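Dear colleague,

Please find the structure below, followed by a short account of what was found in it.

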Amino acid sequence: MIAHIAIHTPNPESADELIASMNRFAAAGRSQPGLQEVHTMRDAESGKLLGLALWETRAAFESGVQAMRAAVDDDPFPEWEDTSPEVYLFEDI
């Protein structure tokens, strides 16, 4: 299993736009082979957003994530976020 995790710190005035973008990213992934789950979550205290996608294999991730990225390719992330997102790719060991 592969866990693709992105932690975003939205500007308060742009949180809704960033959430909508994350939801488009997730929706594009739902039709990709090998995607098991995808979630957009928010920490109530900090306002940080978490994107979580669980994939069957690394190959499925590498193939499927391209469609997800294409769905949000034109989104102005630097305008919506205070900092660059933290992105991780965790694998079973």
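Which residue takes a positive phi in the hairpin of β2 and β3? It is G47, with a phi near 80 degrees, and the hairpin has six residues between its strands.

This is a predicted model, in which local features need pLDDT of at least 70 and side-chain atom pairs count only at pLDDT 80 or more, while totals for chains, interfaces and linings use all residues. Residues are numbered from 1 along each chain as its sequence is written, and side-chain values use heavy atoms, with hydrogens and water left out.

Strands β2 (residues 35–42) and β3 (residues 49–55) run antiparallel and are joined by seven bridges; H39 stands opposite L52 in β3. Two strands pair if DSSP finds at least two bridges between them; helices (H or I, at least four residues) and strands (E, at least two) are DSSP runs, numbered from the N terminus.

The structure holds three salt bridges (a side-chain nitrogen of Lys or Arg within 4 Å of a carboxyl oxygen of Asp or Glu). R24 pairs with D75, with the closest N and O atoms 2.5 Å apart. This pair links distant parts of the chain, 51 residues apart: R24 lies in helix α1 (residues 15–29) and D75 in the loop between α2 (58–71) and α3 (77–80).

R58 forms a salt bridge with E91 (3.0 Å, N to O), which connects helix α2 to strand β4 (residues 86–91) across 33 residues. Salt bridges that share partners join R58, E62 and E91 into one network. The closest N and O atoms of E62 and R58 are 3.1 Å apart.

Kind regards
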